[in-house]
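Here is a short report for a reader new to this structure. Please look over the sequence and the 3D view before reading on.

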Amino acid sequence: MQSSLRVRKRKLKSEINVVPYIDVMLVLLIIFMVTAPLLNLGVDIQLPQSAAKAITTDKRPVVVEVAEDGKYFLDLGGGKRQPVDAEQLKAKVAAVMRVNPHAPVFISGDKRANYDVVYRAMVLLQQAGVPKVGLASQPDTGATRHGRG
């Protein structure tokens, strides 16, 4: 008979102890409250807007392509792009500029390319005697203006 009394005294609790969960949630809340203001450290800039039209020219342009990995490719107007290093780029463009000093020169850089590589290409072209360098781009399709690009 005593064994049946012991069973009755020990009732199982069907409760969940939520105190540790509340502690975890409060710690997470504090972490998010502290880190949220630090996420907006960027500088807001306003880029100029332009409805620039495509350049039309009778001369075939010299196009320097900068790949994502920083390699240079040169198209001297024949549609054939050839891989070149920095010194070859400078020498070949200088030769073109000696023959035709008013030849249009464009840099077509991959949007994922490092800005430093594109800038070095501009310096190399300046050293080769190019008076003006244009930057090639894709026409705006409207998707980038609305945040989808």
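## Strand β1 and its partners

V63 has F106, in β4, as its bridge partner. This is a predicted model. β1 and β4 run parallel and pair over five bridges.

β2 is also joined to β1. These two strands run antiparallel, with four bridges between them. V66 stands opposite Y72 of β2. How enclosed is β1 by the rest of the structure? Four of its five residues are buried, so β1 is largely enclosed.

## The hairpin

β1 and β2 form a hairpin with five residues between the strands. G70 takes a positive phi there, near 95°.

K71 and D69 form a salt bridge through their side chains, at 3.9 Å from N to O. The cut-off for such a pair is 4 Å. Both K71 and D69 are exposed.

## Helix α4: length and faces

Helix α4 covers residues 115-127, which makes 13 residues. At 1.5 Å a residue, α4 should span 18 Å. Its end C-alpha atoms are 19 Å apart, which agrees with that expectation.

Which residues of α4 are buried? They are V117, V118, A121, L124 and L125. Seen down the helix axis, the buried residues fall within an arc of 115°, so they line one face of α4. The face turned away from the buried side carries Y115 and Q126, which are exposed.

## What covers α4

Several elements cover the buried residues of α4. They include the strands β1 (62-66), β2 (72-75) and β4 (105-109). Helix α3 (86-99) is also among them.

After α4 comes G129. The phi of G129 is positive, near 95°.

## Salt bridges

How many salt bridges does a search of the whole structure find? It finds two. Side chains of opposite charge can pair when their charged atoms come close. One of the two salt bridges joins K71 and D69, as described above.

D116 and R120 also meet in a salt bridge, at 3.1 Å from N to O. Both residues lie in helix α4. They are four residues apart, about one turn of the helix.

Are D116 and R120 buried, exposed or in between? D116 has 39% relative accessibility, so D116 counts as partly exposed. R120 has 42% relative accessibility and therefore also counts as partly exposed.

Notes:
Residues are numbered from 1 along each chain as its sequence is written. This is a predicted model: local features need pLDDT of at least 70, side-chain atom pairs count only at pLDDT 80 or more; totals for chains, interfaces and linings use all residues. Side-chain values use heavy atoms; hydrogens and water are left out. The expected span of a helix is 1.5 Å times one less than its number of residues. Buried means under 20% relative accessible area, exposed over 50%, partly exposed in between (1.4 Å probe, protein chains only). The arc is that of the directions from the helix axis to the C-beta atoms. Contact means heavy atoms within 4.5 Å. Two strands pair if DSSP finds at least two bridges between them.
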